[in-house]
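Work through the exercises below with the structure open. Try each task before reading its solution.

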Amino acid sequence: MVMFKNCRRHFVAVVLFLLACAPARAKVTYDDKGFIINGQKKILISGSIHYPRSTPEMWPDILKRAKEGGLDLIQTYVFWNGHEPSPGKYYFEGRYDLVKFLKLAHQAGLYVHLRIGPYICGEWNYGGFPVWLRYVPGMEFRTDNKPFKVAMQGFVEKIVNMMTSEKMFEPQGGPIIMNQIENEYGPVQWEIGAPGKAYAKWFTQMAAGLNTAQLPWIVCKQEDAPPPMIDACNGFYCESFRPHNPNTPKMFTELWTAWYTAFGGPVPRRSAEDTAFSVAKFVQNNGSYFNYYMFHGGTNFGRTGALFLTTSYEYDALLDEYGLPNEPKYWHLAELHKVIKQAEPALVSSYPKVTWLGKNQEAHVFSAKTGGHCALFLSNSDPQNAAKVSFWNKQYNLPAWSVSIFPDCKTEAFNTARVHARAPQIKMVRTNTILSWQSYIEYPPSVGDKDTQVTDGIWDQVGMTRDASDYLWYTTDVNIAPNEGFLKDGKEPVLTVPSGGHALYVFINGQLAGTTYGTLANPKLTYSGGVKLKAGVNKISLLSATIGLPNVGKHYEQWSYGIHAPISLSGLNEGKRDLSKQKWSYRVGMKGESLHLNTVSGSSSVGWAQGAHLTYKHPLTWYKATFNAPDGKEPLVLDMGSMGKGLVWINGEGVARHWPANTGRGKCGTCSYGGFYSETKCLTNCGQPSQRWYHVPRSWLKPTGNLLVVFEESGGDPKGISLVRRTKL
Ligand code: GAL
């Protein structure tokens with residue numbers, strides 16, 4: 001009996017213990033019709049905002065506009081290389097203050113979809129991976145590789161633990177309602193086969209095993225994602241997408257609002273009409289989550305942009321680079337969001353009944369079994385012609401390539417092609433800021449200079465720089481015998497320098513002899529040109545510059561950068577001389593970088609020329625000027641149209657890689673909203689600089705005495721630089 005009593009007590013204790021340990025009831029669940037948050041099923045409207053692409057001072061307004069524009073949630077990647085710049089040394093401040101950003105989103109009444117990655121693609125330097133990761137012994141990215149998996153798990157756990165301790169998950173009272181692991185892994189898995197499958201299985205189990213308050217995990221573009229991962233679609237249109245698991249919501253994780261701009265390329269745009277059409281088609285086909293990629297694109301400040309990516313990441317998003325509404329897109333889509341919310345009760349509780357009304361015309365009716373909720377979508381997918389359709393004994397006019405929405409099945413509340421908002425005229429208006437420049441010229445280093453490292457042969461650029469700088473100097477001495485034939489006949493020997501990219505400046509005896517740039521399509525380059533050499537010792541100094549590191553591509557950790565063998569000099573008595581095997585002297589970065597000329601304290605470490613002595617249109621020149629902040633609130637922008645290529649800082653903050661890169665590539669022309677959009681369809685800026693205007697966040701300025709520093713590689717004219725206001729007329 002005593003034993004029985006004891007047993008019973010024991011039993012009760014075990015039950016109580018189990019109850020205490022049992023996870024709280026999940027607050028975010030889903031079925032095939034959508035996500036259910038605290039018991040309410042929703043059509044979720046989302047937008048991507050990447051926190052390091054704006055400043056903390058800009059975040060509240062950007063988030064407010066997201067809420068006012070009808071978003072339920074925002075989506076952001078987590079930027080590993082910004083958070084762990086060197087192994088184990090973390091940074092979560094300034095533009096990388098993730099928790100602050102999430103708290104502000106919460107305060108603005110928005111949920112968050114956190115895309116932890118940590119591979120994020122995103123046109124971000126190295127796809128978000130810290131460059132040191134590549135140099136961990138045995139490293140292979142995004143595959144079944146132990147060192148990679150250890151590092152990835154370490155970072156993902158770091159973020160999840162941080163979110164937990166900051167109570168950021170919705171069931172804890174925070175804004176995060178779902179997470180993402182990896183990014184678009186499907187195509188990679190398909191390409192690399194078995195190790196890819198094993199890696200996908202591993203990251204699924206790893207992520208699902210973490211304590212994220214039972215929130216759903218999303219992957220995107222990964223069709224055979226193992227459960228519990230929910231696979232999702234990215235693209236310009238996703239209405240035909242079917243999730244791999246039919247019991248999961250139909251998600252459109254990246255609805256591309258246009259496309260990115262590369263240096264040397266045109267600026268893509270996508271119309272408000274077609275963006276709305278893509279949304280409406282998705283929703284009428286049972287879609288229950290869509291995310292604008294990007295809602296606010298912002299800026300790749302400093303050196304954060306990926307390979308050949310411009311500093312601006314505007315992306316023709318709903319907000320412009322400065323965080324202001326991009327009209328008519330913002331307003332038109334805000335109207336659409338209101339109508340979708342009116343239709344929501346019908347959308348989440350019924351499947352569409354589809355009736356064909358013509359070759360390209362359809363009716364989609366959502367009619368709830370209870371509550372009398374009803375929503376009607378009438379669509380016309382004819383890219384050019386409007387259509388008259390009749391449905392339920394009524395006639396309707398549908399513009400070409402459009403969807404009309406009737407949120408109560410009776411009243412037409414919205415048509416995707418009828419845009420009522422107007423685009424205001426935007427002008428860049430010069431401020432009266434006078435920039436009075438000073439200059440400092442840098443000269444190519446010589447073999448054996450004390451800040452150089454002499455080795456045999458040619459080394460990979462990023463292996464040497466670890467991306468601490470865009471620049472690597474390769475210098476060597478070449479002996480020319482007095483009896484060389486070319487010294488008499490005047491036929492210059494030809495120097496040939498192949499490079500993995502991305503820009504190359506050739507200096508012979510301190511003088512710039514030639515320049516070659518790669519492109520996004522072909523980052524590799526070869527310089528080949530006649531060189532003026534004298535009898536005796538000649539100094540060949542090659543300045544190689546990277547222009548961002550790739551963010552995508554099979555095994556991109558194995559790609560090489562900078563100059564490689566064979567470097568040759570032809571036209572000598574001996575024929576061709578291979579210079580690759582001789583001694584080369586390396587210097588990482590520009591001298592001005594190591595002296596911190598870009599900072600207030602470092603800038604006084606050299607003597608600057610000014611007034612009549614100012615040098616301009618000269619390669620390898622630093623410029624500085626101080627200025628007072630122009631008053632007002634309008635965004636400030638630097639007009640760098642007169643410059644060549646280089647870097648810009650204000651008060652030590654990296655503003656940009658500047659480079660007009662006017663190569664005139666791409667075909668711009670008239671752009672009709674009708675018909676399928678692609679990234680080559682509505683191009684602008686052909687024949688003009690890819691980027692002329694560079695955002696200067698107001699919060700980086702003091703009222704007086706701001707230090708503007710420009711490093712110019714090729715020889716621009718700083719006298720043409722001006723500070724302008726982005727003004728709405
Ligand atoms: C997607 C990727 C995004 C971004 C986009 C293009 O494939 O997931 O991160 O790179 O392409 O802008």
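Predicted model: local features only at pLDDT ≥ 70, side-chain atom pairs only at ≥ 80, totals over all residues.

**Exercise 1. Find how many residues surround the ligand, and which polar side-chain atoms lie by its oxygen atoms.**

Solution. Count first: 15 residues surround the ligand. The closest are Y77, G122, E123, E184 and Y315. Now take the distances one by one.

- E184 places a polar side-chain atom 2.4 Å from a ligand oxygen atom.
- Y315 has a polar side-chain atom 2.5 Å from an oxygen atom of the ligand.
- For Y77, the distance from a polar side-chain atom to a ligand oxygen atom is 2.7 Å.

**Exercise 2. Work out how helix α5 is oriented against helix α7.**

Solution. Take the ranges: α5 covers residues 146-165 and α7 covers residues 194-208. Their axes come within 11 Å and cross at roughly 25°. Angles under 35 degrees count as roughly parallel. The two helices, α5 and α7, are therefore roughly parallel to each other. The crossing of α5 past α7 is right-handed. Now list the contact. From α5 come F148, K149, M152, Q153 and V156; from α7 come Y199, W202, F203 and M206. Sort the residues of this α5 and α7 contact by class: seven are nonpolar, one is polar and one is charged.

**Exercise 3. Repeat the analysis for helices α8 and α9.**

Solution. Helix α8 spans residues 272-284, and helix α9 spans residues 329-347. The axes come within 10 Å and cross at roughly 10°. That angle makes α8 roughly parallel to α9. Handedness next: α8 passes α9 in a right-handed crossing. On the α8 side, the contact uses A272, E273, T275, A276, V279 and V283. On the α9 side, K329, H332, L333, L336, I340 and L347 meet them. The residues of the α8 and α9 contact divide into eight nonpolar, two polar and two charged.

Technical notes
Residues numbered from 1 in each chain as written. Heavy atoms only, no water. Axes fitted to C-alpha atoms, helices over the stretch in contact; angles between N-to-C directions. Helix = DSSP H or I, 4+ residues; strand = E, 2+ residues; numbered from the N terminus. Parallel < 35°, antiparallel > 145°, perpendicular 65-115°, else oblique. Left-handed = near helix turned anticlockwise from the far one by under 90°. Contact = heavy atoms within 4.5 Å. Nonpolar A, V, L, I, M, F, W, Y, C, P; charged D, E, K, R; others polar. Near = heavy atom within 4 Å. Polar contact = N/O pair within 3.5 Å; in protein donor to acceptor, adjacent residues only side chain to side chain.
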